[in-house]
Amino acid sequence: MDFQPTPELREAARLTPEGRPVMRQRWSGLLFLHWRIDEALLAARLPPGLYPDTFDGSAWIGVVPFFMERVRPAGFPAMPWLSWFLELNVRTYVHDEAGNPGVWFFSLDCDQPVAVEIARRLFHLPYEHAAMKARTAGNAVAYDCRRRIAGARNCRFEYELPVDAAPAAADSLEWFLVERYLLFSSRPGGRLYRGRVHHEPYRISPGRCAAWSTEPLRWDGFPEPAEPAESVLVAEPVDVRIYGMERCGR
């Protein structure tokens, strides 16, 4: 029997973890697009020991393009070419059998081959090689991604960076979607891992998105929504500490 996350567990996940981080990085140009998704469909795609986390009676799936900056092992300087790249995630929200809330990634597209291989090996995350490019002009971002698989089409996002951003209101849908500091991953065979990240709470605002794509959902085997995202958010940059993965669950 699994236990639903309590307000106390949700708040505890936001605390600074004990120990030292293994990596540091900065996330910027963040766009969060979210749709409701059938909970049973989602549950069938999760490994044993994880369950859909719901808000307003619904499970949610997100597409999140952003910029990875200053990525480096803790204690080392950022390096040209290696430390700056693009990433696009397909993600959902889950909890474990103890009710700890977190993120489950169905994919993480990336245009830095070294980062893809390191993340697969050290963090057991489903990174994918992709051709990506992005351009920022003033407050506007044009962002393109195409996974390096047969039949993949280019997906494009055109959006504006945040204005008058503020932390999400407690217990709101926005808080549920963005305030996530625990991630889960698994190895072949179903062995489950979890890791912590820490940063200041996101400062967000409603997003203005002139072009959007559900192609990343198709790449991951999900039906593509016909309607624009129900939740569109943009966030200011955050400096992030990444902690090591530990085995959990069964």
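Predicted model: local features only at pLDDT ≥ 70, side-chain atom pairs only at ≥ 80, totals over all residues.
Several elements supply at least two lining residues each, among them strand 1, strand 2 (30-37), strand 4 (59-73), strand 5 (85-96) and strand 6 (101-110), together with helix 3 (113-123) and strand 11 (182-186). Sorted by class, the lining is made up of 33 nonpolar, five polar and four charged residues.

Strand 1, which spans residues 23-28, also holds S28. The relative accessibility of S28 is 8%, and this residue is therefore counted as buried, since buried means under 20% relative accessible area. Leaving aside residues up to four places away in sequence, the contacts of S28 are with F66, F67, E69 and P237.

Turning to the cysteines, a search of the whole structure finds zero disulfides. C145 is in no disulfide, and the nearest cysteine sulfur, that of C155, lies 4.6 Å away, whereas a disulfide would require a pair of cysteine sulfur atoms within 2.5 Å. With a relative accessible area of 0%, C145 is buried. For C209, the closest cysteine sulfur is again in C155, but at 11 Å from the sulfur of C209 it is too far for a bond. C209 has 23% relative accessibility and so counts as partly exposed.

Definitions and conventions:
Residues numbered from 1 in each chain as written. Heavy atoms only, no water. Buried < 20%, exposed > 50% of the residue type's maximum accessible area, 1.4 Å probe, protein only. Helix = DSSP H or I, 4+ residues; strand = E, 2+ residues; numbered from the N terminus. Contact = heavy atoms within 4.5 Å. Nonpolar A, V, L, I, M, F, W, Y, C, P; charged D, E, K, R; others polar.
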